[in-house]
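Please keep the sequence and structure in view while reading.

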Amino acid sequence: MHKLLIALFLYQIPVFSQLNLPFIKGESLEFKIHYGPIDAGEATLKISEEEGNYCFLAEGKSTGLFNLFFKVKDNYESILDTTCLCPIYFIRNVREGNYKKKENVFFNEELNRAESTRDTIPLPDNYQDLLSVFYFLRTQITTNFQNGDRIPIQVYLDDAFMSSNLSYLGKDTLKTKFGRITSTLWTPQLEIGRVFDEKNGMKIWVSDDENKIPLRVETPLLVGSIKMDLMKYSNLKHPLHILP
């Protein structure tokens, strides 16, 4: 599940002010996770503030019968510099079946390196962590995007930066529990192997309004597939645009 949070990103690196960001402190998004037809878990994304910088928090856990067979409890925290929307500090503490991982990473721009509890590596261009990348995607202006346009990104994972590209697939009208919502559709090119069976298997729907919130994530796994749907939201900066 931890790689479900990978996706998204960067056409160019503008400097943003807090006034034109599509999200605000206090925003909360709640998702239901399905493994095929089975209710498999729940996830939340929240925004707080720490010393003038955004603090993004994500939690995911398995529920119901799925929890008996494959227990998941994931926690992420990412602190971002609001002037560049680049991560300053990242914490990951995950448990997924027999897999466990804890890491604390400081992105030291002054020394141009990422400093973790196990290693120190150079910072590449266009870097993000597993959580901050979601919010950076939301700042992208897609007005001039064409189907197939790709956004390069370097995502920090397991003491290394993983090269990825996010492809824009155009617009779609998504049926949600809130009604029909116009969205933009994306697919990230991901590292394959332990979890994913395709490089471009994941799809992400983002509301095509001023909020640009993630509405759905679908991805094939080596066995089966996972879908994550938005079920509840609060404290959005703008009213969510739902089609009549």
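Over the ring of which residue does the charged end of Arg 216 sit? The charged end of Arg 216 sits over the ring of Trp 205, 5.9 Å from its centre. A charge is counted as sitting over a ring if NZ of Lys or CZ of Arg is within 6 Å of the ring centre and within 35 degrees of the ring normal.

The model is predicted: local features need pLDDT of at least 70 and side-chain atom pairs count only at pLDDT 80 or more, while totals for chains, interfaces and linings use all residues. Residues are numbered from 1 along each chain as its sequence is written, and side-chain values use heavy atoms, with hydrogens and water left out.

Helices (H or I, at least four residues) and strands (E, at least two) are DSSP runs, numbered from the N terminus. Two strands pair if DSSP finds at least two bridges between them. Residues are called buried under 20% relative accessible area, exposed over 50% and partly exposed in between (1.4 Å probe, protein chains only).

Strand S4 (residues 72-81) is largely enclosed by the rest of the structure, because seven of its ten residues are buried.

| Strand pair | Sense | Bridges |
|---|---|---|
| S3 (residues 53-62) and S4 | antiparallel | eight |
| S4 and S5 (residues 86-96) | antiparallel | ten |
| S5 and S6 (residues 99-108) | antiparallel | eight |

Individual partners can be traced across these strands. Phe 56 has Ser 78 in S4 as its bridge partner. Towards S5, Ile 79 stands opposite Tyr 89 and Leu 80 stands opposite Pro 87. Further along, Asn 93 has Lys 102 in S6 as its bridge partner.

The hairpin of S4 and S5 has four residues between the strands, and Leu 85 takes a positive phi near 55° there. In the hairpin of S5 and S6, two residues lie between the strands, and Gly 97 takes a positive phi near 65°.

**Positive phi in loops**

Most residues other than glycine have a negative phi. Asn 126 has a positive phi near 55° and lies in the loop between strand S8 (120-122) and strand S9 (127-128). With a relative accessible area of 22%, Asn 126 is partly exposed. Lys 212 has a positive phi near 50° and belongs to the loop between strand S13 (203-207) and strand S14 (214-220). Lys 212 is buried, at a relative accessible area of 18%.

**Aromatic contacts**

Rings of Phe, Tyr and Trp (its six-membered ring) pair if their centres lie within 6.5 Å; planes under 30 degrees apart count as stacked, over 60 as edge-to-face and the rest as tilted. The count comes to 17 aromatic pairs. In one of them, Tyr 54 and Phe 56 are stacked, because their ring centres are 6.0 Å apart and their planes lie at 15°. Both residues are buried: Tyr 54 at 4% relative accessibility, and Phe 56 at a relative accessible area of 0%. Tyr 54 and Phe 56 also form one aromatic cluster with Phe 23 and Tyr 135.

Phe 145 and Trp 186 form an edge-to-face pair, because their ring centres are 5.8 Å apart and their planes lie at 70°. This pair links distant parts of the chain, 41 residues apart: Phe 145 is in the loop between helix H2 (132-137) and strand S10 (150-157), and Trp 186 is in strand S12 (residues 179-189). Both Phe 145 and Trp 186 are buried.

**Cavities and pockets**

On a 1 Å grid over the protein atoms alone, a cavity is a set of points where a 1.4 Å probe fits but cannot get out, and a pocket is an open set with protein on both sides within 12 Å along at least five of seven lines; lining residues have an atom within 4 Å of a point. Grid points are joined across faces, edges and corners, and a volume is the space filled by probe spheres set on the points.

There are two cavities of 30 Å³ or more. The second largest cavity holds about 80 Å³ of space, and its lining includes Trp 186, Asp 209 and Lys 212. S12 and S13 each supply at least two residues of this lining.

The second largest pocket has a volume of about 320 Å³. Of the 20 residues that line this pocket, the closest to its centre are Thr 139, Gln 140, Ile 141, Asp 209 and Lys 212.
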